[in-house]
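Open the model in your viewer and keep the selection panel at hand. This tour goes stop by stop.

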Amino acid sequence: MTTAAVPAGAVPAPAPSDRVRQVVVLVGSLVAAGAAAYGAGAFGGTAVEQTAGGALSSTATPVAPDNPAFRIWSVIYLGLFVFAVYQVLPRHAASPRLRVTAWWVLVSMVLNAAWIGVVQAGWIPLSVVVIAALLAVNAVVVVRLVRRRPESTAQAVVLDGTMGLYTGWVSVATLANVAAAFADAGVGELGLGATGWSVVLVVAAAALSVAWAAFAAGRRAVALGIGLAMSWGLAWIAVGRFQGELVDTTVAWAAVGASAVALVAAVVAATRPARA
């Protein structure tokens, strides 16, 4: 007796583990997003910039984005909520792309909530470890998304676009978090001074944006999401340094240039032919 071959490109039948994944990711995502939103200041929680003695406020270091930058979280959380609903739909149960990414997206959301909890507790050095782990998990998701063509336009927007924005923003936030940890530890200016090291970090962000764009070239939603979020974060670093309590025009102009690099790199990557 022979077994009928599965047509090329056909979606396999759902397994019990697929149903488990859908439910756990949906519930876990909603809980993690709610915890993160509360920890970030929503629903009566204490805003992150008001915790740990203001170590992560918009004026704590020259590479801290100005407060309006953090509005991007509303878009990211909305995207993650839509993703949680999208992935639980019965027709997406056996999606090969969701099978290799959905669990990682949930881990990322849990780490984001954990980061906020750590910051609320005032453990700034540990927050660097957590946000580095968060960025690493997001990188795993991006790698898996880039290696597989989106199964639909909706999936490209909901999954690729959301994770692109999320990863781009966390990339900028990680550098800012590192700077905040050093400042909070009072390690001194380490030879280059606050301005010098801030310019180094901003240039590193620009280089990282180019690396992300080169890797994601041909996956438009991923590339644009990362580039737009990094450009947004860097632009708000510039705004914060041109005005307010911590003016530093050298860092501001470096951030303007880095923001432009991130945006141009993303656009160039998005115009590349789609990958197979």
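The stops below cover annotated spans, a helix pair and some aromatic rings. Bear in mind that this is a predicted model.

**Annotated spans.** Move on to residues 251-270. This span is also 100% helix, with 28 Å between its end C-alpha atoms.

**Helices 7 and 8.** Select residues 193-216 for helix 7 and 220-242 for helix 8. Their axes are 9 Å apart and meet at an angle of about 170°. An angle over 145° counts as roughly antiparallel, so helix 7 runs roughly antiparallel to helix 8. Show side chains at the contact. Helix 7 contributes Val-202, Ala-205, Leu-208, Ser-209, Trp-212 and Ala-216. From helix 8 come Val-222, Ala-223, Ile-226, Met-230 and Leu-234. Of these contact residues, 10 are nonpolar, 1 is polar and none is charged.

**Aromatic rings.** The whole structure holds 5 aromatic pairs. Zoom to Trp-73 and Tyr-77. Their ring centres are 5.2 Å apart and their planes lie at 25°, so the pair is stacked. Both sit in helix 2 (residues 72-88), 4 residues apart, which means about one helical turn between them. Trp-73 is buried at 17% relative accessible area, and Tyr-77 is buried at 17% too.

Last, return to helix 8 and pick Trp-232 and Trp-236, 4 residues apart. This pair is edge-to-face, 5.8 Å centre to centre, with 65° between the planes. Trp-232 is partly exposed, at 34%.

Definitions and conventions
Residues numbered from 1 in each chain as written. Predicted model: local features only at pLDDT ≥ 70, side-chain atom pairs only at ≥ 80, totals over all residues. Heavy atoms only, no water. Axes fitted to C-alpha atoms, helices over the stretch in contact; angles between N-to-C directions. Helix = DSSP H or I, 4+ residues; strand = E, 2+ residues; numbered from the N terminus. Parallel < 35°, antiparallel > 145°, perpendicular 65-115°, else oblique. Contact = heavy atoms within 4.5 Å. Nonpolar A, V, L, I, M, F, W, Y, C, P; charged D, E, K, R; others polar. Phe/Tyr/Trp six-rings, centres within 6.5 Å; stacked < 30°, edge-to-face > 60°. Buried < 20%, exposed > 50% of the residue type's maximum accessible area, 1.4 Å probe, protein only.
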